[in-house]
Structure formats: C-alpha cells, structure tokens
Amino acid sequence: MARRIAAGAAYGGGSVGLLGAAAVGVVLAEVQLAKRLVGGGSAPVPPSADGRYGVAFAGGSAPLQLVLLGDSTAAGQGVRRAGQTPGALLASGLAAVSERPVDLRNVAQPGARSDDLERQVSLLLADPSRAPDICVIMIGANDVTHRMPATQSVRCLTTAVRRLRTSGAEVVVGTCPDLGTIEPVYQPLRWLARRASRQLAAAQTIGSVEQGGRTVSLGDLLGPEFEANPRELFGPDNYHPSAEGYATAAMALLPTVCAVLGLWPESDRLDGARREDMLPVAKAASQAAREAGTEVTGARAPWALLKHRRRRRLPAAAEPHPHPQLGQPGEQGGSTRVDRRPGTDTGTSPRHV
C-alpha cells in the first residue's frame, strides 16, 4: 500500500482508498464521538522559541540555521513554555553536540496539512540571507484526521523536501504519528486510524528518501509510550503531547538531525546487534512505520539503511539561554533552562539522547 501511495504521488495518481464502503457509517459515528471527547481541555497557543541557542559557543564557527516546518506538533502546541517545545529542545541539543550556536526559526502552523508546506517553504526561502542548514518537518496527523488523499499528502511533502534539498538544506522528516493511541478514540476507528497513520508514514518515508531526505518514525509521539502512560504524555486537550511527550519525540529526532550534519559520534555503518539492516526502501519504510524512533536514509537505489541510533546523555547545561536580540519581543534574556525532574513546569531535559 505504501508503494502504491508513493507511486500515485510521484506519477500523478488519484486517491488510494483506505476504507471499505461498508465501514463508512460506523466510522463516521466513531469520528463524531471522538470529536466530542478529544480536545475537551484547552490547547494553549504555541509559545515562540525562535532565537539563538548555544551562545556560550559564540566566537568560533558561524551559527547553524535550524528550521522547523509542519503542523501543531512541530509548533509545540499544548505546552506553555518555549523551552518545552520540540524546536527549543532540538536547537539546544544540536548546540551542545556541535559546540556551535544554533539559530532556531519555526514556521510551522497549528492545524496545517501537507498542502500548507508549499507556503511554509516559500516563506522560509524568501530570505536568502537566512538559508537553512537543516530543516525538520513534522506533518501528517491532520492529513489523516481530515481524510486528505494519501497520494496528495505525499506529493506535497516530497515537493517540499525536493525544494529544500535543492536550496542546499539537509532535511529530516518526522513521519505521521500513530493516531491509533489517542485515548478517547474507540474501535473500530482506533484500528483504522492506526492503519491509515502507518500507511501514510511508510509512504512519506519512501517519498522523502527518494528526494534525498531522511526520516524518523514518530510512533513514540502518539505511540506505545503514550499508550502506556496517557496521563503523563498527553496534554490537557487529550490530543497534543505534554512537555514530556514532546521531549520524547525531540530526542528521537536529535540523533538523526546531528548525524545528517556529520556531528553524531556514530557512522552510517550497520550494527546487527541493534537490528539495523539495508533493505529495499519500501520494506524499510514499512518496518520503520511499525517501530518508533527508526531512521531511514537512502543508500544506492532502490536500497535504504534502517538505523536505530544510540541515544546518549547530554550535560546538564544542554539547553542554553536564547540570545536576547534573536528572541521574541518581551523575552529579552529569557531563559529555557533544563530541569531534570519529570513533570515540572520548567521544561523537560533531553535525558536520553
């Protein structure tokens, strides 16, 4: 199915249906019930975390330019502090690993679907003086919930990846999270949501890798860890992640973000002890969709590397203060300090990087 979706996206095919006609009535009833249950709390407007991280490393190399694109998960909706957003966690972690300042810019839009990526990429590339070094895209959940045709979704994503790669930026895509673990969603919608999410994630991987990007499965974002600890890892609206949930997702992405820039202390050699392998890209994509935190990167066509990068601990001061001149108005000298105690309101540290 992932191959059919990706092929339809690449060659202009139409929608690939995921549901049989007999199931439509039951599913629509379940959707209406889920809409009443999900979002019962309030999701605050995402805090802006734009700015410079790692100012302690200033004076050497020029700052790395990190950009986040995508939907509400990339924007950090559901938390109230800038230091709790995935962008801040990724920027501070990248600064600590690279020992260089990192300028973070987030153009993600809450509620966005993949067809909004064209606007986001155009906004990003409009200023040649701020050309990105690395772009992280987190997209797909709204495509599933709004029943956007999977071929259209993948086509929009691959076009965005191609434009960013053509501009010289490295690209890491956090694929569609597993929507089958949202707590208020019942069967059979839960099963259908999981199936659609994983099919889209696999197709996103095929399309992104073919355009020179890397992908990381974000099943952990709304996946097994959320299923086991829903009260801890979901935010107040029962849909967006909490600070702990965003930290889980960001730390799954960070090793790949560093590796694509040549900064991670591991090579792309395969480690059989961690079940790493070289597989046909479609098979690698399907396997990654089933196991959160799995990286897929292109090798010689039609092969791809399936990686489970080792997460490492960062020092306690891994999340520096943003530079005052690059922060948002009213945030002069604002801090995004690390607090290693789970559940505190001061942010979540990258404890297992």
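These questions and answers concern a predicted model of a protein.

Visitor: How many helices and strands does the secondary structure of the protein have?
Guide: The protein has 353 residues, and buried ones make up 55% of them. Its secondary structure comes to 13 helices and nine strands.

Visitor: What share of the contacts with a separation of 6 or more is between residues 24 or more positions apart?
Guide: Contact here means heavy atoms within 4.5 Å. Among contacts in the protein with a separation of 6 or more, residues 24 or more positions apart account for 77%.

Visitor: Are H4 and H12 parallel or oblique?
Guide: Helix H4 covers residues 86–98 and helix H12 residues 243–260; their axes are 9 Å apart, at an angle of about 40°. Angles under 35 degrees count as roughly parallel, and 65 to 115 as roughly perpendicular. The angle of about 40° therefore makes H4, relative to H12, oblique.

Visitor: How many nonpolar residues does the contact of H4 with H12 have?
Guide: On the H4 side, the residues include Leu89, Leu90, Gly93 and Leu94, and on the H12 side they include Ala250, Met251 and Leu254. By class, the contact has no charged residues, one polar residue and, as nonpolar residues, 13.

Visitor: Is serine 153 buried or exposed?
Guide: Serine 153 is in helix H7, residues 150–166. Leaving aside neighbours within four places in sequence, serine 153 contacts Ser114, Asp143, Met148 and Leu200. Its relative accessible area is 0%, and under 20% counts as buried. Serine 153 is therefore buried.

Terms used. Residues numbered from 1 in each chain as written. Predicted model: local features only at pLDDT ≥ 70, side-chain atom pairs only at ≥ 80, totals over all residues. Heavy atoms only, no water. Axes fitted to C-alpha atoms, helices over the stretch in contact; angles between N-to-C directions. Helix = DSSP H or I, 4+ residues; strand = E, 2+ residues; numbered from the N terminus. Parallel < 35°, antiparallel > 145°, perpendicular 65-115°, else oblique. Nonpolar A, V, L, I, M, F, W, Y, C, P; charged D, E, K, R; others polar. Buried < 20%, exposed > 50% of the residue type's maximum accessible area, 1.4 Å probe, protein only.
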